[in-house]
Amino acid sequence: MRVDVAIVGGGIVGATLALLLAQRARIDAARIAVIEPMPAVSPLHGSPFELRVSAISPGNRALLTGLGVWHALDASRIADYERMLVWHESVPPDSPDVLRFDAAEAGEPDLGSIVENNALQAQLLHRCAEQGIGILHETLRVLQVDADAATLDLGATQVVAELVVGADGAASAVRSALGVQADSRDYGQRAIVATVRGERSHGGTAWQRFLSTGPLALLPLPGDECSIVWSALNERADALLAMEPRDFEAELTAASAGVLGALRLTSRRAAFPLRRLAAQHYARQRAVLVGDAAHVIHPLAGQGVNQGLEDVVALAAALALRPARESPGALAALRRYERERRAGNALVAATVDSLDLLFTGSGALRAWLAREGMAMVGRSAPARRFLVRQAAAGRSWPHR
Ligand SMILES: Cc1cc2nc3c(=O)[nH]c(=O)nc-3n(C[C@H](O)[C@H](O)[C@H](O)COP(=O)(O)OP(=O)(O)OC[C@H]3O[C@@H](n4cnc5c(N)ncnc54)[C@H](O)[C@@H]3O)c2cc1C
């Protein structure tokens, strides 16, 4: 099979790229292949919420609307959130030192939407198929890249492409096959995810409390359930996972400072080890990395998917600017994309790491710094407005 672009990994990032290339980069949909071994299934209407959800910024929601994907999602399973409260465990949740972001204050209707990863991925892949983009339910086994082409061995199928894109997540086989080194660090934490219900309505608010053992986020879902992302140092996470549900709920309610009253689990619990990763290169002749294959950060900022979507917008824009008849695998456009994204992604990773270092761990100085830092931003209306506008635009970092 010969194509212009073979995208390895049809997660949210890879599938969005396929649609963007066909829409914006002068690449025929029939000349794009997405290789994704796992079938993505949309959750059934009325079924319990999936454990993996993402906060999608208004800017990226507009991107997905423009690709014909957002409005095809089941709206009854999506929650928009209008405000976000962030605070440190050393202050009570009603303290003036709580950092409060309000969409209304920045003139935005909301700060973003919480959507189930499966639902979004399934709809993206469905849209790809509708557009005539080839979906191969296979796994990349061997990749060989030379000056003329990239050759992908999928076992049953062999694909020859002008450009191969690694959108295959943190353990990227494409990155390994290219011999691209990645700087990586274990945060020594696990993120516990689950669905919960409080005694009080979340009122369209997302909450994040920084504890010395790691941050706890409560993300609003429709009908007053919340999705939790509770990052905790490994030992603490193991203990929390081993607890009986009732004991876990008591710990969770205490960790949330009771902002929604007593919290009850409405799902099982799952956990993900947290690592940071940064590929040393994004672009090679005929090969490029996007999304988690290129960079992974701590989920405390809720930016992984959003950063990946920014990557693919930049890659599609760089390919759209290539001279007529130039191959999509030519290095110049891929380097333009790398220049546009790599430094910015590194800055986001460094900022998120500093927040993790500042907030996770004990000590009076750390608590004071964390509290004062937040209070300083909190007291400045222009700073808050600026951050909200950046976040709403889907920007994980202020653009030049
Ligand atoms: C607990 C938690 C909460 C998070 N919350 C948020 C949030 O609120 N907002 C946000 O923006 N981000 C969030 N993130 C980050 C986000 O989940 C990731 O950044 C995002 O899923 C990365 O998308 P991706 O498509 O690059 O990679 P993945 O989602 O990992 O997709 C990679 C795809 O490649 C496929 N694949 C793998 N190997 C191969 C192979 N050899 N051949 C073919 N296909 C292959 C896989 O099947 C998979 O479908 C969170 C992360 C965690 C851990």
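These are my notes from looking around this predicted model.

**Ground rules.** I count residues from 1 along each chain as its sequence is written. The model is predicted, so I take local features only at pLDDT of at least 70 and side-chain atom pairs only at pLDDT 80 or more, while totals for chains, interfaces and linings use all residues.

**Overall build.** I found 10 helices and 20 strands in the protein (DSSP runs numbered from the N terminus: H or I of at least four residues for helices, E of at least two for strands). The radius of gyration, over C-alpha atoms, is 21 Å, close to the 21 Å from the globule rule (2.2 Å times the number of residues to the power 0.38), so the protein is as compact as a globular protein of 400 residues. I also noted that 46% of the 400 residues are buried (20 or more other C-beta atoms, placed from the backbone, within 10 Å of their own).

**Helix α8.** Where does α8 bend? I found a bend of about 25° at E338, the angle between axes fitted to the seven residues ending there and the seven starting there. E338 is also among the buried residues of α8, as are Y337 and R341.

Notes: Buried ≥ 20, exposed ≤ 12 C-beta atoms within 10 Å, placed from the backbone.
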